[in-house]
Structure formats: structure tokens, C-alpha cells
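Take a walk through this structure with the viewer open.

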Amino acid sequence: MKYKRLSTKKFNKILRCFCTDITATACAKIVGVNRNTVNSWYNDCRRRALRSDIQREHQEL
């Protein structure tokens with residue numbers, strides 16, 4: 001199976017689910033994508049948030 005790009009509309013729905021603390025399983029059902037896809041994006045959001053937080057701490061020093 002080839003990889004398919006996630007539409008902007010679906011990405012925005014996943015991001016909204018992440019921000020409102022909806023589980024990946026529930027989000028996958030809402031958006032209509034595989035749970036692993038949602039988990040991948042959730043993990044990416046967590047990594048970006050952590051990276052931003054670390055950079056902010058370094059700037060404060």
C-alpha cells in the first residue's frame with residue numbers, strides 16, 4: 001500500500017482532538033483514519049511541544 005498524504009481538513013481535526021485531549025482511538029473514529037496515523041501525529045505534536053519548551057528554557061537562562 002502506498003502512503004497517502006493526509007488532507008488539511010483531516011490534519012486540523014486530528015490537531016483539535018489532540019488539543020481537547022481526545023484519545024487516539026476516539027480521534028481515529030471521528031476523523032476516519034487509522035489509529036496508528038493518529039498516534040503518529042499525536043507523538044509528533046508532543047515532540048514539537050517538548051522541543052519548544054526546552055528552547056524556551058534555554059533562552060531564559
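This is a predicted model. Start at helix 2, on the face turned away from its buried side: K29 and I30 sit there, and both are exposed. One of them is a lysine, the other an isoleucine.

Helix 2 spans residues 24-31, and its buried residues are A24, C27, A28 and V31. They share one side of helix 2 because they cover an arc of only 100° around the axis.

What do the buried residues of helix 2 pack against? They meet two partners, helix 1 (8-19) and helix 3 (35-60).

Zoom in on A28, which belongs to helix 2. Its relative accessible area is 7%. The cut-off for buried is under 20%, so A28 counts as buried. Set aside the neighbours within four places in sequence, and A28 is in contact with V33, N34, R35 and V38. Take V38 from that list. A28 and V38 lie 10 residues apart in sequence, and their C-alpha atoms are 6.2 Å apart in space.

Next, follow the chain out of the helix. Just after helix 2 comes G32, with a positive phi of about 90°.

Step back to the whole protein. The count is 3 helices and 0 strands. Read from the N terminus, the order is α-α-α. The radius of gyration is 14 Å, well over the 10 Å that the globule rule gives for 61 residues, so the protein is more spread out than a compact globule. Along the principal axes, the C-alpha atoms fill a box of roughly 45 × 25 × 20 Å.

How much of the protein is buried? Of its 61 residues, 18% count as buried. Contacts give another view. Take those between residues at least 6 apart in sequence: 32% of them join residues at least 24 apart.

Note on methods: Residues are numbered from 1 along each chain as its sequence is written. This is a predicted model: local features need pLDDT of at least 70, side-chain atom pairs count only at pLDDT 80 or more; totals for chains, interfaces and linings use all residues. Side-chain values use heavy atoms; hydrogens and water are left out. Buried means under 20% relative accessible area, exposed over 50%, partly exposed in between (1.4 Å probe, protein chains only). Helices (H or I, at least four residues) and strands (E, at least two) are DSSP runs, numbered from the N terminus. The arc is that of the directions from the helix axis to the C-beta atoms. Contact means heavy atoms within 4.5 Å. The radius of gyration is taken over C-alpha atoms; the globule rule is 2.2 Å times the number of residues to the power 0.38.
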